[in-house]
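Please look over the sequence and the structure shown here before reading on.

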Amino acid sequence: MMNTEVNRENQLQAFNRLLDIMDELREKCPWDRKQTIASLRHLTIEETYELSDAILRNDLGEVKKEIGDLMLHLVFYAKIAAETQTFDLADVLNTLCDKLIFRHPHIYGTTEANTEDEVKKNWELLKIKEGNKSMLGGVPVSLPALVKAMRIQEKARGAGFDWENKAQVWEKVEEELKEFKAEYQLKEEQAINPEKATAEFGDLLFSLINFARFIDKNPEEALEKTNLKVMKRFKYLEQEAGKTGKLLSQMTLAEMDVYWEQAKKEA
């Protein structure tokens with residue numbers, strides 16, 4: 001118990017130190033003085049992606065660093081808002097605490113929720129009570145399309161609008177694949193409708209994301225891991241080609257494929 005109390009005290013001291021530094025930077029540093037909530041936005045997005053990359057690499061040292069960078073941004077926003085007496089960090093944290101207590105009635109109230117699904121369902125219903133007109137209202141418009149599809153599906157599930165089992169979802173994947181395939185197997189004299197083809201491809205992706213959810217796989221994480229794997233193999237291909245004094249553009253596809261197969265064994 002003593003160690004826990006000491007650790008909490010250390011955390012509070014460190015956080016207080018950050019607040020002191022933020023105050024000083026805002027007062028004395030020309031760059032920090034110039035920043036606004038709007039000007040920090042794109043930097044915060046960049047920091048969030050850097051944290052995501054570190055997590056995917058399982059680089060805990062970088063995770064610690066990126067958490068700190070992101071925390072600085074959150075403190076920065078609160079500091080700027082406090083200067084105009086809009087809100088301050090205490091308002092931010094107390095609002096968060098109130099929301100957490102309200103959305104966890106199975107902990108702080110009398111509601112029962114013994115499974116993760118029950119907690120999620122209650123969570124979405126409580127958001128409606130907070131004033132959201134739709135369960136989809138909490139999905140940010142600016143989310144990347146793949147992540148947005150995941151969130152839409154999760155929220156629809158919270159409302160009880162979902163498939164019963166993964167076999168049904170896979171049937172939908174096959175149906176969408178068939179429809180998309182049909183768009184590219186038209187006779188030569190028939191022009192492909194690009195808008196319809198795009199719509200069918202979107203339906204196929206959405207159904208695949210849905211299936212990933214049913215088998216408890218994160219499609220964003222899966223795709224990013226594949227991206228990193230392909231990048232690693234491609235770099236290997238470039239390096240091995242360079243050892244022969246050739247550029248990739250000077251090699252045949254068959255020659256490149258030899259190195260690609262080697263890269264697959266290395267990865």
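The model is a predicted one.

We begin with two packed helices. Two packed helices are described by the angle between their axes and the distance between the axes. Helix H3 spans residues 37-56 and helix H4 spans residues 60-83. Their axes come within 9 Å and cross at roughly 160°. Angles over 145 degrees count as roughly antiparallel, so H3 is roughly antiparallel to H4. The crossing in which H3 passes H4 is left-handed.

The contact between these helices can be read residue by residue. On the H3 side, the residues that meet H4 include Ile37, Leu40, Leu43, Leu51 and Ile55, along with Arg41, Glu47 and Glu50. On the H4 side, the residues include Val63, Ile67, Leu70, Phe76 and Ile80, along with Glu62, Glu66 and Asp69. By class, the contact of H3 with H4 has 12 nonpolar, 3 polar and 6 charged residues.

The aromatic rings come next. A pair of aromatic rings is described by the distance of the centres and the angle of the planes. The model has 2 aromatic pairs. In one of them, the ring centres of Trp170 and Phe211 are 5.0 Å apart and the planes stand at 55°, so the pair is tilted. Trp170 belongs to helix H9 (residues 166-183) and Phe211 to helix H10, so that the pair links distant parts of the chain, 41 residues apart. Trp170 counts as partly exposed because its relative accessibility is 38%. Phe211, at 17% relative accessibility, counts as buried, because buried means under 20%.

Phe180 and Phe201 form an aromatic pair that is also tilted, with 5.2 Å from centre to centre and 45° between the planes. Phe180 lies in helix H9 and Phe201 in helix H10, so this pair ties together parts that are 21 residues apart in sequence. Phe201 has a relative accessibility of 39% and therefore counts as partly exposed.

Two aspartates remain. Asp216 sits in the loop between helix H10 (194-214) and helix H11 (219-243). Is Asp216 buried or exposed? Its relative accessible area is 69%, so Asp216 is exposed. Asp216 and Glu261 are 45 residues apart in sequence, and their C-alpha atoms are 30 Å apart in space.

Asp20 lies in helix H1, which covers residues 2-28. With a relative accessibility of 44%, Asp20 counts as partly exposed. Along the chain, Asp20 and Ala263 are 243 residues apart, and a distance of 50 Å separates their C-alpha atoms.

Methods: Residues are numbered from 1 along each chain as its sequence is written. This is a predicted model: local features need pLDDT of at least 70, side-chain atom pairs count only at pLDDT 80 or more; totals for chains, interfaces and linings use all residues. Side-chain values use heavy atoms; hydrogens and water are left out. Helices (H or I, at least four residues) and strands (E, at least two) are DSSP runs, numbered from the N terminus. Buried means under 20% relative accessible area, exposed over 50%, partly exposed in between (1.4 Å probe, protein chains only). Rings of Phe, Tyr and Trp (its six-membered ring) pair if their centres lie within 6.5 Å; planes under 30 degrees apart count as stacked, over 60 as edge-to-face and the rest as tilted. Axes are lines fitted to C-alpha atoms, for helices over the stretch in contact, and angles run from 0 to 180 degrees between N-to-C directions. Angles under 35 degrees count as roughly parallel, over 145 as roughly antiparallel, 65 to 115 as roughly perpendicular and the rest as oblique. A crossing is left-handed if the near helix is turned anticlockwise from the far one by less than a right angle, and right-handed if clockwise. Contact means heavy atoms within 4.5 Å. Ala, Val, Leu, Ile, Met, Phe, Trp, Tyr, Cys and Pro count as nonpolar, Asp, Glu, Lys and Arg as charged, and the others, Gly among them, as polar.
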